[in-house]
Amino acid sequence: MMKFTIAFIVLLGLAAPVIAATGTFLDRDVPTDLRVADYNVNWDSIFSDSDPNNSSLRCCNRVNQFRRLIAAINPDIMCLQEINSSRSPADVTAIFDTVLPLAGGAHWQGYIGYDAVTVSRYPLSMFATQTVPAGDLPQCMTLVDLPNAVYPLDLYIMNEHFKCCSGAANDARRQQQADALINWMRDARTIGGSINLPTGTPMIVLGD
């Protein structure tokens, strides 16, 4: 089942791209909002029918719909799930470069982990596909390097795709995944261990 979420994150001092007001919920409340969106695409539906990397689980063709969607919401960062792991991040960022080209010839950045891809207007670093200790399934975790000239802290994104379905039969697996994420966040906020983030770094868990 597809799920779609838009989050508005107020990061004081961060200048968002200037876009025309629409008078709808799509508008940023203030220019300093950072827009983060999340979308389960339903197994490669955003790629053309002829793409040889399409998953056998692909439900349909939503190429044009997806392009209209990202053009309208104009995200700064977008987390996607159900992208075939045989793909490269460039398969996804090419769509964003076409629909939402960046100024000065810059390109969207992307990172893939398991079946999730995170794309960003800004550089990405601190890539990881698994917590320590490990969760149930791999993750797509990365630090978004926001412009130092306008904002002193970056943004850490954990793009997740929990085990679906089967009700209580898979609840233990989902609980293991959630526990691993909480432990990872705790580790990131304390000195030592497997990951360290500067004090106050915002952390977001997104996904399906």
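Predicted model: local features only at pLDDT ≥ 70, side-chain atom pairs only at ≥ 80, totals over all residues.
Visitor: Is arginine 58 buried or exposed?
Guide: Residues are numbered from 1 along each chain as its sequence is written, and side-chain values use heavy atoms, leaving out hydrogens and water. Buried means under 20% relative accessible area, exposed over 50%, and partly exposed in between, with a 1.4 Å probe and protein chains only. Arginine 58 has a relative accessible area of 18%, so this residue counts as buried.

Visitor: Which residue meets arginine 58 in a salt bridge?
Guide: Side chains of opposite charge can pair when their charged atoms come close. A salt bridge here is a side-chain nitrogen of Lys or Arg within 4 Å of a carboxyl oxygen of Asp or Glu. For arginine 58 the N to O distance is 3.0 Å, and the partner is aspartate 49.

Visitor: Which residue forms a salt bridge with arginine 173?
Guide: Arginine 173 has 31% relative accessibility, so it counts as partly exposed. The closest N and O atoms of the pair are 2.9 Å apart, and the partner is aspartate 136.

Visitor: How many salt bridges does the count come to?
Guide: Some are linked in a network, made up of Asp44, Asp51, Arg87 and Asp91. By the 4 Å rule, the count comes to eight.

Visitor: Which residue's backbone nitrogen does the side chain of serine 120 reach?
Guide: Serine 120 is found in strand 5 (residues 116-120), and its relative accessibility is 0%, so it counts as buried. Contact means heavy atoms within 4.5 Å, and with residues up to four places away in sequence left out, serine 120 touches Asp76, Ile77, Trp108, Gln109 and Val144. The side chain of serine 120 also reaches, at 2.8 Å, the backbone nitrogen of tyrosine 122.

Visitor: How many residues of strand 3 are buried?
Guide: In a regular strand the side chains alternate between the two faces of the sheet. In strand 3, Ile77, Cys79 and Gln81 are buried on one side, and Met78 and Leu80 on the other. Of the five residues in strand 3, the number buried is five.

Visitor: What is the separation of the C-alpha atoms of leucine 80 and asparagine 40?
Guide: Leucine 80 lies in strand 3, and its relative accessible area is 0%, so it is buried. Its contacts include Tyr39, Val41 and Phe66. Leucine 80 and asparagine 40 are 40 residues apart along the chain, while their C-alpha atoms are separated by 5.5 Å.

Visitor: Which residue in strand 3 is the bridge partner of alanine 37?
Guide: Two strands pair if DSSP finds at least two bridges between them. Strand 2 (residues 33-40) and strand 3 pair in the parallel sense over five bridges. In strand 3, the partner of alanine 37 is methionine 78.

Visitor: Which are the edge strands of the open sheet?
Guide: Four strands form this open sheet in the order 6-7-8-9, with mixed pairing. Pairing on one side only, the edge strands are strand 6 (124-128) and strand 9 (203-207).

Visitor: At about what angle does helix 3 run to strand 8?
Guide: Axes are lines fitted to C-alpha atoms, for helices over the stretch in contact, and angles run from 0 to 180 degrees between N-to-C directions. Helix 3 (residues 171-188) lies across strand 7, strand 8 (155-160) and strand 9, and its angle to strand 8 is about 165°.

Visitor: Over which residues does pLDDT stay under 50?
Guide: The protein has a mean pLDDT of 88, and 90% of its residues reach 70 or more. One stretch stays under 50, with 45 contacts beyond four places in sequence in the model: residues 6-18.

Terms used
Helix = DSSP H or I, 4+ residues; strand = E, 2+ residues; numbered from the N terminus. Polar contact = N/O pair within 3.5 Å; in protein donor to acceptor, adjacent residues only side chain to side chain. pLDDT = per-residue confidence, 0-100.
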